[in-house]
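User: Could you take a close look at one interface in this model and walk me through what holds the two sides in contact? I'd like the cut-offs spelled out as you go.

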There are 4 protein chains.
Amino acid sequence: MKPRDENKINEIYKATLNLVKASGLAGITMQMVAKEAGIATGTLYIYFKNKEALINALFDVCIRSSASTFFSNYDPAQPFKIGFHTIWLNIVHRRVTHFNESIFIEQCFHSPFIDEESKVRLRKIFEPLLHLIERGKKEHLIKDIDTTWLLSLMVGAINEIAKRTMYYHIKLTSEILEANFQLCWDGIKA
Amino acid sequence: MKPRDENKINEIYKATLNLVKASGLAGITMQMVAKEAGIATGTLYIYFKNKEALINALFDVCIRSSASTFFSNYDPAQPFKIGFHTIWLNIVHRRVTHFNESIFIEQCFHSPFIDEESKVRLRKIFEPLLHLIERGKKEHLIKDIDTTWLLSLMVGAINEIAKRTMYYHIKLTSEILEANFQLCWDGIKA
Amino acid sequence: MKPRDENKINEIYKATLNLVKASGLAGITMQMVAKEAGIATGTLYIYFKNKEALINALFDVCIRSSASTFFSNYDPAQPFKIGFHTIWLNIVHRRVTHFNESIFIEQCFHSPFIDEESKVRLRKIFEPLLHLIERGKKEHLIKDIDTTWLLSLMVGAINEIAKRTMYYHIKLTSEILEANFQLCWDGIKA
Amino acid sequence: MKPRDENKINEIYKATLNLVKASGLAGITMQMVAKEAGIATGTLYIYFKNKEALINALFDVCIRSSASTFFSNYDPAQPFKIGFHTIWLNIVHRRVTHFNESIFIEQCFHSPFIDEESKVRLRKIFEPLLHLIERGKKEHLIKDIDTTWLLSLMVGAINEIAKRTMYYHIKLTSEILEANFQLCWDGIKA
DNA sequence: GATGAATGAGACTTCATTCAT
DNA sequence: GATGAATGAAGTCTCATTCAT
C-alpha cells in the first residue's frame, strides 16, 4: 500500500488506460493490468488496495492532470475570446493526446466503481471555464442562455472531434482546428 | 406446450439497458439481467446463446430502432433547414427518451463484446443525415468544411445536451430546445 | 411413466445406445436423447422417471436380450464342443451386430448409474455357459483350471474381436470366425 | 514466490483415475477432482486449461507410461517365446497394478474428450508386440493368421483377467499366471 | 518489496426436470 | 399423452485477492 516506486504506479496507470481503451472497463482483469504493466499480479496489491481503489485513484489522476492542462497558458486577464480559444485548444489537445484517458473517464462514469463524489469532482474541473463563459455573457460576446448549453456545444463537439480524429486516424492540422473552433464560436457568439 | 414468448426478449433488453445505465457493462451479470427481467437465469440462454450474443443482439436492436426514429417525418424534398431541424429534434428526443440506449451504445463501443462490423453498422445509420449535410453545403447554406466536423458539432452537442438533461433532471422545454438548435445552426451555417 | 407406446421406448433405447457409442455416457444429455429419438424432452419423462431410470432400464434390456441370443440354438444335450461352438458364435455375432450395446454395458459398469445388483445380474447371464464349461472339464475335454480363467480367454477374446471388427471395419467371413474359434479352442482344450 | 508444484499434477492425475474408476467419466466433476487431489478448484485450472485438457493429458500420460512398462526387460534378441512371455506378463502386471488406468483408457475411448489422434497413438504402443508376433509367424512358432486376431486373443484375455482379478479380489499367484499364459500360448501356437 | 501459485467466491453456462399449453 | 419453454441447481471456469517464498 506504500507507493514506493512512483514510476511503477505510472506503468500501472498506463496499462489500465490502454486496456480500457482496447476492451472497456468490462474487459479488464487485474491479471491483464499486471501483465501489461510488466509486473506480477501480487505487486498490484502493494500499490492499490483493490481493483476499485485502482480505478478510483486513476480516475482521480485523470481528472487532476486533465484539469491542469485545460487551463495552461490561460490568463483570465486576457480578452474573452483569447481565453476561450486557449481553453478550447487545450481541451481538444488533451482529448486527442490522451484519448485513452477520455475513454476511461467516459466508461467510469457509468460503472460500479466510481462514486457520486468523484463525479462531482469531475464536474468541478470545468469551473474556471464556467466562470469565463459567465463573463462572456456579461460582456455580451456570447449568447445569453444557460451556461450548461453553451458548454454542451463546446464540450460535446470537442469530444466528438477527438473520437473522429482517433477512429479515422485524422491528422489535426491547424486549419482543421481553427475551422472547428470557428464552428463552435459561431455557435455561441452573441 | 408454452410458445416462445417474443415479449420476453424485450423484457431482457429492457432489463439489460436499465442495468447498464446503473452500473455499466462492467457491472452487469447474467443473473442480474435475469432477475431484473423477471425470469430464471437458464431462460436467458433459451433466447441468447451467451452473454456476448445478448449484448450484440441488443446493440443491433438499439442501432436499428435509433435509425428508424432519427429520420421519422424527415422529407428530403423539404427545404434544407426544415429537414435538418427535424432530424436534430428527432435525435435529441431519442437520446433523451432512450437515455439507457445511448449509454449502452457508448459503453459497447469500447468493450470486448462488439465487433468491428457492428461499429461500422452504427456509423451507417447517419448516412441520410450525411447526404443532407452535403446538400446543405451545395446550397451554400452551411459552411464548406469536411462533413465530419459539421456532424461533430451537431452530434457531439446533442450527446452532451442529453447527458446534462438526464444528469441534472432538466425538463427540456421547447424554448430550451430551440435555443440549443440555434446554437448548432449558428455554428454550422455559412 | 406408463409405457404406452412400446415403439417409442425402443426409439429412446436406440437413440441412447447410438449416442453412448458416439460420445460415451459422459457425453449424453436428456435433450440429446430426446432429439435423437425424435421426441420432445418432456416426453422422455413420460416413459422414464429420470435419467438414472432410463439408463438402468436400458441396461436391463441389454442384458436380457443379450442373454436370450447367447444361448439360442444351444442344446445342452449335444456334444460339448458343438454347444461351446454355438455359444461362442452367438456371442461374437451379438457383440458385432449390437456393438452399441456392448459399449453401453462396458461404460455403465463404471458409472454412477448402475447399482451392484445390476452388475450381478449381468454376470448371471453367463451361467449356462459356466455350467457347460464345468461339464467340459468333467469330460476332460478342456483344461482343468478355474472356470473364470477359461471364460476370460473366451469372453475377453470375443470382446476384442468385436472391437477390432468394428473399429477397422472388417468383414467377418466364416473363415475368420472359424480361425478365431480355433484360437480359443486350442487355448482351452485339454 | 511459490514455484509450480510439478508433483501436484501427479496428485491431480491420481485423483482423476481414482474417481473415474469409482464412478466413470460421466460421474466426475472438476470439484470432485480438486477435492480428491486436495487442492482448490481454481488451482486445477492453473495446471490444465479445462476439463478436456485434463482428460487428454492424463490419457496421454497413461498411454506413455503403459508403453514403457509393457516392454521392460523385453529383448528382441531373445527367443520368441521368452520375449512373448515377458511382454504378456508385463501387460498383465500393468493392468492389475494400474487398474484405474485401464478403466480410464477404456472409458475415454468412447467419450467426447478424446480425439482420433490420441486413439491412434494408443494403438501405436503395441507396435513392438506386433513385430514380435510377425516374427513368431515367420519362425512358424505361432499360427499363420492375421496378427490382429492373435492380438485379440492375447490382449482380450489379459483385459478380462485383470477385470476378474480386481472385481473378485483374486490374488494372482504365479501358478495362476502361468496357467493363464498357457491358455494364451496354446491358443496362438502353431 | 516482488513474485506468481493458490484460493474460493462468484461469474457464466448447462442440463435434468417440471409445467403450462 | 405430447410438447418444448421455463426453471434453478449444479457444473465449468474466471478472477480478485491472498500468501508462501
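Analyst: Buried area here is the accessible area (1.4 Å probe) that two parts lose on being put together, summed over both. This is a predicted model, where local features need pLDDT of at least 70 and side-chain atom pairs count only at pLDDT 80 or more, while totals for chains, interfaces and linings use all residues. Residues are numbered from 1 along each chain as its sequence is written, chains are lettered from A and ligands numbered from 1 in the order in which they are written, and side-chain values use heavy atoms, with hydrogens and water left out.

Let's go for the interface of chain D and chain C. Together they bury about 3,600 Å², and 65% of that is on carbon and sulfur atoms. On chain D's side, His110(D), Trp149(D) and Leu183(D) supply 23% of the area that chain D buries against chain C, more than any other three residues. Counting residues in contact (heavy atoms within 4.5 Å), you get 45 from chain D and 44 from chain C.

One pairing to look at is Lys143(C) with Asp186(D), whose side chains meet in a salt bridge at 2.6 Å, N to O. Polar contacts are pairs of N or O atoms within 3.5 Å; within protein, one must be able to donate a hydrogen and the other to accept it, and residues adjacent in sequence count only if both atoms are side-chain atoms. By that rule, 17 residue pairs are in polar contact between chain D and chain C, both residues at pLDDT 80 or more.

So where on chain D does this surface come from? Helices are DSSP runs (H or I, at least four residues), numbered from the N terminus. On chain D, α1 (6-23), α6 (99-109), α9 (147-167) and α10 (174-188) each supply at least two residues of the side that touches chain C. The largest share, 15 residues, comes from α9(D).

By class, that side of chain D has 24 nonpolar, 14 polar and seven charged residues. Here Ala, Val, Leu, Ile, Met, Phe, Trp, Tyr, Cys and Pro count as nonpolar, Asp, Glu, Lys and Arg as charged, and the others, Gly among them, as polar.

Note on methods: Salt bridge = Lys/Arg side-chain N within 4 Å of Asp/Glu carboxyl O.
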